[in-house]
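Reader: I have the sequence and the model open side by side, and I would like to work through them with you by question and answer. Where shall we begin?

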Amino acid sequence: MPLPDAALIARKGEIVRALRRLVPGEGVIGDPAGLVPFQSDGLSAYRQTPLAVVLPDTTAQVCAVLAWCQANGVKVVPRGAGTSLSGGALPLQDGVVLGMAKFNRILQVDYANRCAVVQPGVTNLAITGAVQADGFYYAPDPSSQVACTIGGNVAENSGGVHCLKYGLTTNNLLGCEIVLMSGEVVRLGGKGFDAAGYDLLGVVTGSEGLLGVVTEVTVRLLTSPQAARAMLLGFASVEAAGATVGDIIAAGVIPAGLEMMDRPAILAAEAFVGAGYPTDAEALLIVELDGPEAECAELSEQVAGIGEARGATTIRTSSSDAERLAFWAGRKAAFPAVGRISPDYYCMDGTIPRRQLPHVLGAIAQMGREYGLGVANVFHAGDGNLHPLILYDADKPGQLEAAEAFGADILKLCVAVGGVLTGEHGVGVEKRDLMGEMFNETDLACQQRVKCAFDPDLLLNPGKVFPRLHRCAELGRVHVHRGAVAFPELPRF
Amino acid sequence: MLDVAARTETPKTAAEVVELVAEGRPLEIVGGGTKRGIGAVAGADAVLSLAGLTRVIDYAPEELVLTAQAGVKLATLEKLVAAQGQMLPFEPPHLGRLLGAKGQPTLGGALAANLSGPRRIRAGAARDHFLGLEAVTGRGELVKAGGRVVKNVTGYDLCKLMAGSWGTLAVLTEVTIKVLPAARTELTLLFFGLDDRRAGEAMTRALHAPAEVSGAAHLPAATAARAPLKGEMAVTALRLEGFAASVAARAEHLAMALKDFGRVEQLDGPLSRDFWAQVRDVEALWKDPRPLWRISVPPAAGWRVGEAAAGEALYDWGGGLVWLLSEDNPRAAVRALGGHATLYRGEGLAFEPLDGPLKALTARVKAAFDPNGVLNPGRMGAS
């Protein structure tokens, strides 16, 4: 992380007083006890007490806070519900946490344009909650959806089990309002399908709180499918399960959800919730089909046939919505279930080309033996997004470090086989130092120049995403060939 | 516009593109040239053609991804993926004939302009299927971003930034896109004689139904009367795609839900495909000297565009996209509806002007990639 600025820390009292003038009442927390809940996010191995927390409840206050912080050189870490799994909301010792929890209103539901305008502190699930009685829903469904906020989803470009068919957050947004570090308000997109100018909405989405603070979001609403059906397919080998996934897609079927669990994950989940998973299977597929009843019926038979041809040892299709949810219960509880069999676990998030699955799972098992750590795998199989859960005990000396090294090795392997470091959890602080595995210095400098266009003083969430922070002036050097800019008199845009 | 033949550079590799850009001459970036006339480049010293970068690098149907050089023709790709039972989900339009250009559209061009066809309402836009890139910035640096897998949040999503930047930030040399299985069957329901407002209501109702409508277009009477339909009254069309049993069930549901919009006719298979190809390519508005506008508005406001400007309109995306032939400048009216207009053909400012902090931010983003303004100078509005 950037070295804390002792001079700023010494000015804490003054900073808190200044923020209280901008956000009166209970909106500023400066006392040590009050700051404790903000020390970490979902990546709880990392902790840091911030200088102060400010909880504005109007866009004008956000503008005032950011403008003041910019003028005074104070770093700002935006925070939604603090559920990031990559340390995106990890505070800075010399920085202020800008909590957006008070922005919790749904401003408008516009069915005619199939969208909703919401404040960033509204939870993901609350959007669906507000519209489902009318037959609509918001598609991205990260597993933390009961708690995570839409503002955080925009910052992280969150996914979920349904994103194979329905896309990530970025594919389900129409517009947003952001406040730049300067305090300026910029509206990106709207209710139409595209906007004038560059697609800045697209680049802000998934920018991990480094480009602007989201103060309003316009999301697309989809019509709820008529029916949904889940299937369980057990296999005697990971290879057979992987081949089945390929066959399903080759048959032209894009399921709403297509998940895989390996044996350790199956056993942990079954012991925890008793979902009825086949405990003799080496790999389990959960396939969800949605759409008209006729489509679910046709496709579930087709998927069963594909599974049979690949030697599935178990094939079950849900016959009621209760049974469908029971099929999902084990998968959705996989993380806490693993938490019961191991004192601690560390969740990774690489994506790989699916054809590499048997090779990668084999290599992960081998690495686990070498590190002396167990691992359970859950996998968004349809889109190749792997979630190995590394089992360790933080109380045993060296195990946390071993787990982190193991995790880094897994991600390097993902990149080496043609994949990426993170499919949906973000880079944050966790994978920051691995960015060099995917991108060279030129690539990273190019991305950092985007950062400079939004936040030239690098005050917004510094220390995340980029392994090294370059001053913007340093990045701004123009490559001029043969000492001359051609046509210097032309207006350049 | 420059005389293309006169000073056209046609690099064969990304390294040659780097060389050319690093020379520092202002360049007009051209793929197939079909969209050259939109917001014409002013002050370019040479044309950089991507016609030499046409290789398909990797196509893994089972992974749903395709990587190709940016100059590959859309038609080539469409054939390639169709042979594997797949499609380009965003259904990119072929606008050469509409814009009076001779060339064939390229993948790079479709992405750079973020152009999507009727399926945009269901499957997403070009930008939503743009997974990874290699490009040469105006600094003459070869950079990569994104990846070659369908799900990735590593680093800033520069693909989105490039989509719709019209070659003003970087020259795309290699791109990875998401492909999807092609629909096994398709069917179109046609409604007749609806005025624009009523057609807007029909499309909205259809898009609210659990019918997974993948095309919702309206051709007012004057537009439907032109080639290729040469119809006698307005036509409102709804497309359904997917597996046969599902399409049949949805068609039945939709016909019931829309029964108060009058007589329904059905187009199957090839007839349906032909219908949507002409909507996609805006065939009804070909061969007309009047200014042509592409207008994006909140879908429910689509029909109001026709009220605000005289001329012939074609409504796609359930009203969210309006193609308008008109001598009137519709910009103020469109902005009041919450949308924006681009002048695709005709004299005048092509791209919607920006203002305030967004304009300044946009200029800083441009400068981050192309500080000397050597890529497509003058396009997307001069500062």
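**Domains, sheets and the chain interface**

Author: In this predicted model, the centres of domain 1 of chain A and domain 5 of chain A, taken over C-alpha atoms, are separated by 22 Å.

Reader: How many residues does each of these two domains of chain A give to the contact, and which element gives the most to the side of domain 1?

Author: The contact takes eight residues from domain 1 of chain A and seven residues from domain 5 of chain A. On the side of domain 1, the elements that give two or more residues are helix H4 (59–71) and strand S3 (75–79) of chain A, and by class that side divides into five nonpolar, two polar and one charged. With four residues, the element that gives the most there is S3(A).

Reader: In which sheet of chain A does S3 lie, and in what order do its strands run?

Author: S3(A) belongs to an open sheet of four strands with mixed pairing. Strand S1 (28–29) and S3 of chain A each have a single partner strand and stand at the edges, so one side of each is left without a neighbour in the sheet. The order of the strands in chain A is S1-S2-S4-S3.

Reader: Which residue is the bridge partner of A:Val77 in S4(A)?

Author: S3(A) pairs with strand S4 (residues 95–99) of chain A in the parallel sense, over five bridges. Helix H2 (residues 12–22) of chain A lies across S1, strand S2 (52–54) and S4 of chain A, and runs at about 10 degrees to S2(A). Within S4(A), the bridge partner of A:Val77 is A:Val97.

Reader: Turning to the sheet of seven strands in chain A, which strands stand at its edges?

Author: This is an open sheet with antiparallel pairing, and its order in chain A is S15-S12-S14-S13-S17-S18-S16. An edge strand here has a single partner strand, so one side of it is left without a neighbour in the sheet, and in chain A this applies to strand S15 (314–317) and strand S16 (344–347).

Reader: By how many degrees are neighbouring strands of that sheet turned against each other on average, and which helices pack on the sheet?

Author: With direction ignored, neighbouring strands of the seven-stranded sheet are turned against each other by 15 degrees on average. One helix packing on the sheet touches strand S12 (227–235), S13 and strand S14 (283–291) of chain A, and its direction makes about 20 degrees with that of S14(A); this is helix H9 (residues 238–250) of chain A. Another touches S12, S13, S14 and S17 of chain A, with its direction at about 50 degrees to that of S12(A), and this is helix H12 (residues 321–332) of chain A.

Reader: Which residue in S17(A) stands opposite A:Met260?

Author: Strand S13 (residues 257–262) of chain A and strand S17 (residues 375–380) of chain A run antiparallel and are joined by two bridges. The residue of S17(A) that stands opposite A:Met260 is A:Phe379.

Reader: Why is strand S10 of chain A described as largely enclosed, and which strands pair with S10(A)?

Author: Strand S10 (residues 213–220) of chain A has seven of its eight residues buried, so it is largely enclosed by the rest of the structure. One antiparallel pairing, over six bridges, is with strand S8 (residues 173–179) of chain A, where A:Val179 stands opposite A:Val213. In another, A:Cys115 has A:Arg220 as its bridge partner, and this antiparallel pairing over four bridges is with strand S6 (residues 115–118) of chain A.

Reader: How does chain A compare with a globular protein of its length?

Author: Chain A has 18 helices and 18 strands. Its radius of gyration is 24 Å, close to the 23 Å that the globule rule gives for 493 residues, so chain A is as compact as a globular protein of that length. Of those 493 residues, the share that counts as buried is 58%.

Reader: Which element supplies the largest share of the side of chain B that touches chain A?

Author: In the contact between the chains, 89 residues of chain B meet 87 residues of chain A. By class, the side of chain B has 41 nonpolar, 27 polar and 21 charged residues. Its largest share, nine residues, comes from H12(B).

Notes: Residues numbered from 1 in each chain as written. Chains lettered and ligands numbered in written order. Predicted model: local features only at pLDDT ≥ 70, side-chain atom pairs only at ≥ 80, totals over all residues. Rg over C-alpha atoms; globule rule 2.2 N^0.38 Å. Buried ≥ 20, exposed ≤ 12 C-beta atoms within 10 Å, placed from the backbone. Nonpolar A, V, L, I, M, F, W, Y, C, P; charged D, E, K, R; others polar. Domains from an automatic or database assignment. Pairing = 2+ DSSP bridges. Axes fitted to C-alpha atoms, helices over the stretch in contact; angles between N-to-C directions.
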